[in-house]
Amino acid sequence: EGPSGKSLKCGDIRKLVEDRKYYVPTAIDKNNYFIPREDDTILEVQKSACTSEIKEKASNAHHMKSNRFSMYAYIISKLITESKDEIKQHKDYRTFNTGIDPLNLWKVIQ
């Protein structure tokens with residue numbers, strides 16, 4: 001759990017570390033959902049499925065963005081004092097520290 005009291009998923013940190021970028025949902029291919037049919041019931045089911053996928057992707061993106069503070073705090077908490085001091089000397093420290101930017105913090109650590 002992060003300092004804000006919200007749950008911090010291991011997958012959030014893993015995505016940030018492995019991808020070295022913030023999560024951006026992939027585009028939804030509406031052609032997978034909207035197949036011309038004569039039955040209106042099937043069309044409503046297709047619309048509902050598409051809407052559900054859109055909501056899920058938006059929720060995931062929001063979760064990642066709202067957990068940036070927790071990710072930043074988690075990364076900092078795992079550093080030894082000497083590493084923290086070295087990071088504070090980085091030319092962009094004020095920018096990524098003020099903005100609580102875990103991605104740029106991670107890039108500096110790397």
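Predicted model: local features only at pLDDT ≥ 70, side-chain atom pairs only at ≥ 80, totals over all residues.
Student: What does K57 form a salt bridge with?
Tutor: With E53: their closest N and O atoms sit 3.7 Å apart.

Student: And how far apart are K57 and E53 along helix α2?
Tutor: They're 4 residues apart in α2, which runs over residues 40-66, so about one helical turn separates them.

Student: How many salt bridges does a search of the whole structure find?
Tutor: It finds 2. Besides K57 with E53, there's D92 with K91, where the closest N and O atoms are 3.1 Å apart.

Student: OK, switching to helices. At what angle do α3 and α6 cross?
Tutor: Roughly 25 degrees, with their axes coming within 9 Å. Helix α3 covers residues 68-77 and α6 covers residues 102-109. Angles under 35 degrees count as roughly parallel, so that's the label for this pair.

Student: Which residues make the contact?
Tutor: On α3, it's R68, M71, Y72, I75 and I76. On α6, it's P102, L105, W106 and I109.

Student: How many of those are nonpolar, polar or charged?
Tutor: The contact has 8 nonpolar residues, 1 charged and no polar ones.

Definitions and conventions
Residues numbered from 1 in each chain as written. Heavy atoms only, no water. Axes fitted to C-alpha atoms, helices over the stretch in contact; angles between N-to-C directions. Helix = DSSP H or I, 4+ residues; strand = E, 2+ residues; numbered from the N terminus. Parallel < 35°, antiparallel > 145°, perpendicular 65-115°, else oblique. Contact = heavy atoms within 4.5 Å. Nonpolar A, V, L, I, M, F, W, Y, C, P; charged D, E, K, R; others polar. Salt bridge = Lys/Arg side-chain N within 4 Å of Asp/Glu carboxyl O.
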